[in-house]
Number of protein chains: 2
Amino acid sequence: MKVGILGAGQLGRMLALSALQLGLTPCLFDPDPQACGLIASHSTSAPYNDRQALTTFAQGLDVCTYEFENVPIEAAALVSNLCPLRPGLPALEVSQDRLTEKQFLQSCGLTTTDFLPLNPGDPIPPGGLLKTRRLGYDGKGQGTDWSHLPDQPALWERWVPLQKEVAQIAIRSLSGEIHFYPLIQTIQSQGILREAIAPAPDLRPELHQQARQAAQTVLERLDYVGVLALEFFLVDDQLIVNEMAPRVHNSGHWTDRGSHTSQFENHLRAILGWPLGSTAILQPSRLINLVGEVPFPPPPGAHIYGKSPRPGRKLGHITLFTEPT
Amino acid sequence: MKVGILGAGQLGRMLALSALQLGLTPCLFDPDPQACGLIASHSTSAPYNDRQALTTFAQGLDVCTYEFENVPIEAAALVSNLCPLRPGLPALEVSQDRLTEKQFLQSCGLTTTDFLPLNPGDPIPPGGLLKTRRLGYDGKGQGTDWSHLPDQPALWERWVPLQKEVAQIAIRSLSGEIHFYPLIQTIQSQGILREAIAPAPDLRPELHQQARQAAQTVLERLDYVGVLALEFFLVDDQLIVNEMAPRVHNSGHWTDRGSHTSQFENHLRAILGWPLGSTAILQPSRLINLVGEVPFPPPPGAHIYGKSPRPGRKLGHITLFTEPT
């Protein structure tokens with residue numbers, strides 16, 4: 001069976017490896033011919049506005065997914081006319097714009113930080129941070145004044161005194177079955193995920209339950225199929241939703257070795273309409289991202305993405321089992 | 001770094017997946033254009049006697065290995081003149097012929113079954129089995145009379161009343177460091193591995209030690225680099241060497257999830273001259289081969305090789321953790 005993946009960064013690459021392990025044929029599409037995910041024999045490199053290339057790519061796929069939320073809607077829509085696209089367009093539309101996303105999350109009854117849409121040059125309220133509405137990731141497109149941002153509409157978000165950050169990865173099957181990985185503590189630095197600890201330690205049981213409920217609401221509202229991540233701030237011992245990611249998520253890379261079924265396999269199982277695998281944890285795990293450089297030779301068990309090194313770039317990860325046997 | 005793999009069956013495929021995970025570029029070579037391991041973007045399909053294709057394949061490789069012992073010596077020798085070939089030619093030469101292999105194992109001081117080289121038509125002693133000297137695998141090329149065998153020299157082996165079968169997988173680094181996976185019980189049916197249990201239960205501690213010692217002797221005698229498997233019969237509570245496999249081994253597929261470092265990664269680490277990873281077990285594991293057919297959809301965690309189904313053909317495997325958490 002042929003599974004299309006729009007985007008061939010490290011997430012596309014890991015999805016492709018998982019697809020190969022399941023005996024599937026991954027077909028990757030990325031505008032960058034150097035994209036690290038273009039590892040499989042079925043790889044296409046063309047711009048997202050190359051309708052002919054997208055059509056050729058999509059024809060004959062059994063299902064298609066995307067590795068990140070910034071795939072242009074027009075490209076995703078074209079593909080979705082030729083084969084099932086999962087998760088669908090609504091999840092993509094909601095999460096491409098920080099304003100739309102916050103409004104959607106609030107409409108789900110979830111608490112977000114205070115926010116205010118602003119246009120370039122608008123006065124900036126104190127006590128917050130400006131973020132571009134589109135195409136921000138890994139701390140890029142953020143600042144405290146307009147000089148640090150592109151000349152585009154932005155979103156001001158009130159700063160919150162966060163105690164820690166956590167992420168909930170959940171998955172919904174085609175038939176509506178929902179499974180949850182344990183809540184994960186994430187440790188960021190300069191806007192980049194550095195470490196993830198699973199399960200997140202020292203949290204009231206109610207918070208685990210609330211995070212699951214929040215993810216379930218989002219999944220059901222979007223009639224979502226596949227893996228979804230919700231990122232939370234913990235403030236005054238309460239969860240505040242920071243953002244959603246309609247895809248496999250960096251905080252879940254430990255599931256490849258630390259849980260019964262990895263987030264990658266479960267995402268594929270969901271979009272193929274297969275029964276999901278257990279999300280139970282095998283080993284309490286600690287994920288360490290390799291950022292900017294990778295040791296050579298890599299430590300045993302490391303996952304290296306084959307990207308050229310650059311400061312602040314995620315190049316690989318390693319999963320440590322926190323209770324070694 | 002480019003790692004060449006001669007042979008692209010399921011073992012080549014799993015080595016390639018492991019190489020990709022380590023950020024390496026696997027380059028596969030197989031005469032069969034449908035070989036299931038030809039998944040990576042660097043794949044060559046040409047006959048083993050196509051010297052030009054082999055030369056093009058080998059040039060620019062950092063190191064080359066083989067996925068099985070029946071790669072023609074001439075092809076392996078050609079490659080070994082262009083890049084390091086690990087394990088080297090001696091392991092290949094010894095293990096391509098059952099007679100040479102038995103004689104070598106005896107010269108290492110190991111106990112084998114009684115054997116007798118025979119030519120077609122020679123009288124067959126009672127109480128044993130005829131096996132082709134070359135190209136036998138998965139129970140093929142075996143029989144009790146000449147009518148079941150090709151018209152070639154064969155080896156008669158005395159039947160032994162075996163209690164069980166076990167396999168020792170060991171690995172030797174370029175610097176001579178040796179690590180051992182736990183001894184594995186293997187369960188065969190019609191000459192095909194069906195299940196493997198790690199660690200092998202109910203064995204005297206001395207047997208674990210003897211199996212390691214046997215593997216160490218073979219590794220050092222051959223100045224071997226990479227993963228080696230030794231298969232044993234247990235007879236009268238004593239180990240008798242059945243055969244050696246100079247490669248990653250079916251009985252070790254559980255190491256992908258059940259040990260700290262998989263046999264595939266450790267084989268690659270060894271041939272690249274990197275320090276080995278821990279061979280410690282993470283979870284007592286039970287490997288089940290999927291032979292002849294695979295359930296659809298595959299069970300969670302299954303590894304499916306993408307081969308066309310055929311009776312008696314190994315199509316995939318699944319690792320069960322025998323003490324679920």
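In this predicted model, Asp237(B) is placed in the loop that runs between strand S13 (226-235) and strand S14 (238-245) of chain B. Although Asp237(B) is not a glycine, its phi is positive, at about 65°, and with a relative accessibility of 30% the residue counts as partly exposed. A positive phi is also found at Asp223(A), again a residue other than glycine, where the angle is near 45°. Asp223(A) belongs to the loop between helix H6 (205-221) and strand S13 (226-235) of chain A, and it counts as exposed because its relative accessibility, 55%, lies over the 50% cut-off. Such backbone values deserve mention because most residues other than glycine have a negative phi.

In chain A, the bond leading from Ala198(A) to Pro199(A) is cis, with omega near -5°, and Pro199(A) is located in the loop between strand S12 (192-198) and helix H6 (205-221). In chain B, the bond from Arg86(B) to Pro87(B) is cis, with omega near -10°; Pro87(B) is situated in the loop that separates helix H3 (73-80) from helix H4 (89-95) of chain B.

Over all chains, the structure holds 8 aromatic pairs. One of them is formed by Trp274(A) and Phe296(B), whose rings are arranged edge-to-face, with 5.5 Å from centre to centre and 85° between the planes. This pair joins two chains, because Trp274(A) lies in the loop between helix H8 (263-271) and strand S15 (285-291) of chain A, while Phe296(B) lies in the loop between strand S15 (285-291) and strand S16 (303-304) of chain B. Trp274(A) is buried, with a relative accessible area of 4%, whereas Phe296(B), at 61% relative accessibility, counts as exposed.

Another pair is formed by Phe296(A) and Trp274(B), which is edge-to-face because the ring planes stand at 85°, the ring centres being 5.5 Å apart. Here Phe296(A) is found in the loop between S15 and strand S16 (303-304) of chain A and Trp274(B) in the loop between helix H8 (263-271) and S15 of chain B, so that this pair, too, joins two chains. Phe296(A) is exposed, with a relative accessible area of 59%, while Trp274(B) is buried, with a relative accessible area of 5%. Within chain A, Phe29(A), Tyr48(A) and Phe57(A) together form one aromatic cluster.

Note on methods. Residues are numbered from 1 along each chain as its sequence is written. Chains are lettered from A and ligands numbered from 1 in the order in which they are written. This is a predicted model: local features need pLDDT of at least 70, side-chain atom pairs count only at pLDDT 80 or more; totals for chains, interfaces and linings use all residues. Side-chain values use heavy atoms; hydrogens and water are left out. Rings of Phe, Tyr and Trp (its six-membered ring) pair if their centres lie within 6.5 Å; planes under 30 degrees apart count as stacked, over 60 as edge-to-face and the rest as tilted. Helices (H or I, at least four residues) and strands (E, at least two) are DSSP runs, numbered from the N terminus. Buried means under 20% relative accessible area, exposed over 50%, partly exposed in between (1.4 Å probe, protein chains only).
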